[in-house]
Amino acid sequence: LATPLIYTEGRDFLNSPPMKTVRFGGSVVSTLHKFKQGDTSDYELLKHQLADPDIKDAQILNWLQEFRNCVTQLSKDHEQLIYVVLRLPWLGRSPAVVEEYLAFLSNLVSAQTVYLRSCLKMVVSNFTPKRVKVCEGGVDISDSDDDDENLPGNFDQCHQALQLIARYVPSTSRFMMPILTDNFPFVQKSSRTLECYVHNLLRVAVYIPTLRRDILELIVNRMLKLDVSAPRGEIEEVEENAVQKEVKGEQEEGLFDMDEDVCSVKSGPEGSDRMCHPVAERLDTLMAVLLAFIKDVCHVNGCLDVERTKDLYRDLICVFDKLILPTHGSCHIQYSVFYLCSFRLALAEAFLEHLWRLLQSPSHSAVIRQASAGYMGSFLARANFLPVATVRACLDLLVPWLHLYIDSQDSRSRAYCDIALHGPFYSACQAVFYTLIFRHGDLLKGDMGKGLAYLQGLNLERIVMCQLNPLKVCLPAVTNMFAAITRKYQLVFCYTIIERNNRHVLPVVRTSVGGDCVSTNTNPLDSFFPFDPYLLKRSGKLIEPLYQVWEEPSVFSWPQCSDADEDDFLRGETPESKEVVGMTPGSYDSHLRSPSSVGSPPIAFLQKPF
């Protein structure tokens with residue numbers, strides 16, 4: 001089978017067609033036989049020829065066909081040879097080479113399962129673009145992603161290989177996750193590298209569904225690292241500085257460009273959606289991929305598939321409980337659940353029910369219960385796809401639970417303000433206050449009298465006035481706006497308690513440099529609202545239509561209502577401006593950025609089939 005090397009004098013190498021494939025040594029069968037007898041010369045020569053970076057398609061085809069004919073002889077003793085074969089540059093080659101290589105992989109894992117991990121590692125290692133290294137003087141001066149036009153086709157071939165392997169070896173899924181985890185690029189890699197890898201992981205989750213939950217957990221885990229390393233304030237500062245620099249540059253350019261036509265040409269939309277903050281840019285890219293996956297899984301031909309959506313919701317909620325909920329200060333990854341819940345009201349109600357069960361369950365830690373309350377209040381306030389009936393249903397859960405909690409504490413010696421003892425109670429109070437701040441207009445819309453009767457029936461005054469003193473613990477921005485709104489509708493008068501709490505601050509400490517220093521904690525609950533404004537530009541286009549932006553209510557003017565709705569109780573003096581701490585939408589959101597089982601009556605949506 002060996003073809004002799006022939007030299008032809010006077011041959012035109014530039015214009016003549018290539019000659020028959022040149023190779024040295026014997027066949028693969030004879031090489032393996034000699035290796036078994038202790039003669040390694042042909043074996044080493046075979047490895048050397050296979051490792052040739054300039055190997056041609058015809059050579060690869062010949063070798064692979066021979067390997068397929070003796071695949072049963074490729075035992076663990078030939079490990080080094082198999083590793084060389086697995087490193088053959090088969091991606092992007094001719095269809096014949098790709099087909100032959102896939103057939104070789106199928107035969108190899110079927111006959112020699114000892115090489116299953118090696119084959120899987122080889123395929124997964126091609127989930128990211130190859131890097132180009134430019135070496136000058138022995139020093140690598142470049143390590144950038146290769147912009148390969150064949151990249152999508154190469155990825156398709158990788159997934160074709162994985163599907164074949166999974167078909168021939170049913171236990172493939174048991175070996176996949178450690179390999180996928182080990183090959184995950186470092187989070188500081190480029191957006192393109194991370195995007196390609198995450199996209200390919202999610203493709204694996206489609207045809208190996210048993211891995212979907214583990215793959216989602218892996219992706220969310222890495223995205224959380226990015227999310228918490230890019231605080232909200234830092235992203236806003238970087239983006240604002242970039243805008244100011246751009247405006248300043250345009251102004252300076254305008255001083256010298258006298259041609260109106262030139263001055264009127266602005267930079268196009270290209271690049272306008274890119275985040276200037278490098279970590280936020282990577283996170284934005286990954287969020288766009290994850291949200292696209294969620295949409296594609298749940299929709300078939302543009303229509304929502306309920307069963308597929310339910311299955312994905314269960315997987316995502318498990319990941320949420322394990323990773324997202326216990327993580328303090330994440331800003332964006334939780335919007336994956338927010339986005340999924342927008343597809344169907346039953347999903348949103350199931351999510352709220354899940355949070356409610358966590359909040360009221362004494363078997364969970366106080367941290368988890370408080371985080372659940374924060375998610376519940378933030379979701380009720382910010383999800384504009386939630387109808388007012390769902391908001392009322394949740395208030396009908398939370399508020400009676402607060403009253404029952406107060407009842408259980410009034411007769412005890414621990415009925416005083418203590419976050420360590422009553423953390424979940426205070427978080428639930430803040431969730432109620434925050435929800436009412438955002439949704440009180442919806443609750444009062446339509447029938448003003450009926451809406452006010454409902455709010456009065458909540459008996460908020462008892463919660464505010466109780467010995468546990470929740471106003472002392474809640475965020476000042478929430479407390480002040482809640483006080484303004486409840487005074488306007490004469491539900492509760494909070495200012496006496498607020499002033500008393502403000503007087504009971506820590507003692508004044510004299511500093512060594514003179515003056516007074518008062519140390520106060522304005523966020524004693526260490527709470528944050530997980531669905532505060534979404535800052536990422538590209539993926540944010542999917543969130544924006546679903547999001548309730550903050551609009552400061554007109555707390556100093558009476559709402560329009562019919563004569564039938566007006567009565568003596570509604571008429572009265574509105575609070576003076578100096579008594580109410582007013583906030584602009586921006587300042588309100590910025591204030592909110594800092595980061596026991598009692599039975600309750602069931603409500604209708606909790607009983608509905610999912």
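In this predicted model, the axes of helix H16 (residues 345-360) and helix H17 (residues 366-382) come within 8 Å and cross at roughly 150°. Angles over 145 degrees count as roughly antiparallel, so H16 is roughly antiparallel to H17. The crossing in which H16 passes H17 is left-handed. On the H16 side, the contact is formed by Ala348, Phe351, Leu352, Leu355, Trp356, Leu358, Leu359 and Gln360, and these meet Arg369, Ser372, Ala373, Tyr375, Met376, Phe379 and Leu380 of H17.

A second helix pair can be described in the same terms, namely the angle between the axes and the distance between them. The axes of helix H10 (residues 212-228) and helix H13 (residues 278-298) come within 10 Å, with a crossing angle of roughly 155°. H10 and H13 are therefore roughly antiparallel to each other, and their crossing is left-handed. From H10, the residues Arg212, Leu216, Met223, Leu226 and Asp227 take part, meeting Val279, Arg282, Leu283, Leu286, Met287, Leu290, Phe293 and Val297 of H13. This contact of H10 with H13 divides into 10 nonpolar residues, no polar ones and three charged ones.

Attention now turns to helix H4 (residues 79-86), whose buried residues are Leu81, Ile82, Val84, Val85 and Leu86. These buried residues of H4 pack against several helices: H1 (28-36), H2 (41-50), H3 (57-69), H5 (95-111) and H6 (116-124).

One of these neighbours, H3, contains Gln59. Is Gln59 buried or exposed? Buried means under 20% relative accessible area, and Gln59 has a value of 18%, so Gln59 is buried. Gln59 and Val97 are 38 residues apart along the chain, and their C-alpha atoms are separated by 9.6 Å.

Stepping back to the whole chain, the model has 26 helices and six strands. Of the 610 residues in the chain, 47% are buried. The accessible surface of the chain comes to about 30,500 Å², and carbon and sulfur atoms account for 52% of that surface.

Methods
Residues numbered from 1 in each chain as written. Predicted model: local features only at pLDDT ≥ 70, side-chain atom pairs only at ≥ 80, totals over all residues. Heavy atoms only, no water. Axes fitted to C-alpha atoms, helices over the stretch in contact; angles between N-to-C directions. Helix = DSSP H or I, 4+ residues; strand = E, 2+ residues; numbered from the N terminus. Parallel < 35°, antiparallel > 145°, perpendicular 65-115°, else oblique. Left-handed = near helix turned anticlockwise from the far one by under 90°. Contact = heavy atoms within 4.5 Å. Buried < 20%, exposed > 50% of the residue type's maximum accessible area, 1.4 Å probe, protein only. Areas by Shrake-Rupley, 256 points an atom, 1.4 Å probe, with all protein chains shown as cover. Nonpolar A, V, L, I, M, F, W, Y, C, P; charged D, E, K, R; others polar.
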